[in-house]
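Visitor: Please show me the model. I will ask what lies behind each term.

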Amino acid sequence: MLKRIEDWNYYELLAVERTASQDEIWAAYQAALTTYKDGSPALYGLVGEAERALVLDRVHEAFQTLRDPEKRKDYDLALLRHAPYFPAKAPFRRSVGRLEIEDAPPKKGLRARLRRLLVRKP
Amino acid sequence: MDKRIWAIGGGKGGTGKSFVAASLGLHLASLDRRVLLVDADLGAPNLHTLLGIRASHPDLGDFLTNAVPSLESAAVETPYRNLRIVKGSENILFIANLNHYRKLRLLRQLRQIEVPTIILDLGTGSSFNTLDFFLSANPGVVVATPEPTAVENTYLFLKSCIMRVLKLYMDHYKIRDLHQKMLDQIEKNSQSLYGFFKSLMESDRAYGTILYRALRGFRPCLVMNKTRDERDVLLGRSIADVARKYLLIDMKYLGAVPYDEDVTSSLRDLKPFFVEHRDSAAARAVRQIAEELAYSIEFTLRTPPEISLPDA
């Protein structure tokens, strides 16, 4: 929706998905550095110097946070509170409203668990 | 019929709009798809020269002056199979200042004509005629080159498109007094478009939502032409990103066409570069771009059905 640059969250700022891997984040960071570096031709005629510096600072900040798994998890949780995230492939999470991916039990042994539930031993 | 109208436009002259239009047309025609190229560069038409054809009648001017009954009959065959062209008019002074009703007639005929692919080659600049042709296409493709002048004019062109879209919707919904307010505010600074919407949302949320949706429905594509290295290719990506953040539009970067000295020499021999140098990197890039465009259905389907042009 309509947002000021200052209000863009780190993922929007770097134009990556919230599920992006470390490599994707690094690549997006490099791309953002090229876009907002001093004298970047991509800003010519549209974005002023002060504005550019501001966005670049935020880009650094975003990368510093997202590259550290601990910091990223804290940030994700804080973000989730006021901007819930519903990945297109898992619409059922809509009802949960919290980070499920890391809390969910591992998929290993799913079959055995199901069998234990379904097939009761006499 | 799955009909596509593509418009090739941009803010600066000499970026290669006609080159891209001609090459895309030749490529699609070689894939057995019937293509109609329309030289809608009203001020300085030269698309036929890029295809190695000399100017002759009938042309777009004959259609606009009712010398021929329909756009269909103004189209002439080219030496290439499946490819036809409506040449630009030589009667420049008359046609460059096309009036509103003639423009509507042309837009209507473009919609009605039974050709699967129409490629409009637009002129430079941001005159209302050019903008309306660009906005009627789905999608419109902006061609830029990696120079500050071209980048600056690309943003100007996009801004003009945005203002035009908003103006059309304002007229449609009879929101008259907003237009001047928008002009005053958007001139101010880079985040002005955001500011305009913000204040509009506060004062009138319903209109704000309508106009914001209209803006999000405008989804142009970008092609970088004459790129010389990786940096130039990445510049296109940066421009799309900046447009997304500051102009609030979703622009798709289709790719880059590398600089090729042979383009000029082909032009001197009056032979299409795309046919003469099929295996060059530039020709390969054009094929890639055509593919991106052809598969951009998902991207373009989200646009609103059609802007109905208000009466003058």
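Guide: Start with pairing: two strands count as paired when DSSP finds at least two bridges between them. Strands (E, at least two residues) and helices (H or I, at least four) are DSSP runs, numbered from the N terminus. The model is predicted, so local features need pLDDT of at least 70 and side-chain atom pairs pLDDT 80 or more, while totals for chains, interfaces and linings use all residues. Residues count from 1 along each chain as its sequence is written, and chains are lettered from A, ligands numbered from 1, in the order written.

Visitor: How do you know that β6 and β7 of chain B pair?

Guide: DSSP must find at least two bridges. Strands β6 (140–144) and β7 (221–227) of chain B have 4, in the parallel sense. So they pair. B:Val141 has B:Cys221 as its bridge partner in β7(B). B:Ala144 stands opposite B:Met224 of β7(B).

Visitor: What makes β1(B) and β6(B) a pair?

Guide: There are 3 bridges, again in the parallel sense. The definition asks for at least two, so β1(B) and β6(B) pair. Here B:Ile8 is bridged to B:Val141 of β6(B).

Visitor: Which are the edge strands of the sheet in chain B?

Guide: The sheet is open and has 8 strands, in the order β3-β4-β2-β5-β1-β6-β7-β8 (chain B), with mixed pairing. The edges are β3 (76–77) and β8 (252–258) of chain B, each pairing on one side only.

Visitor: Why is β6(B) called mostly covered?

Guide: In β6(B), 5 of 5 residues are buried. Both faces are covered: B:Gly140, B:Val142 and B:Ala144 are buried on one side, B:Val141 and B:Val143 on the other. In a regular strand the side chains alternate between the two faces of the sheet.

Visitor: What makes up the side of chain B that touches chain A?

Guide: Contact means C-beta atoms, placed from the backbone, within 7 Å. The contact takes 21 residues from chain B and 17 from chain A. Helices α8 (148–172), α10 (192–203) and α12 (230–246) of chain B each supply at least two residues of chain B's side. The largest share, 9 residues, comes from α12(B).

Notes
Contact = placed C-beta atoms within 7 Å. Buried ≥ 20, exposed ≤ 12 C-beta atoms within 10 Å, placed from the backbone.
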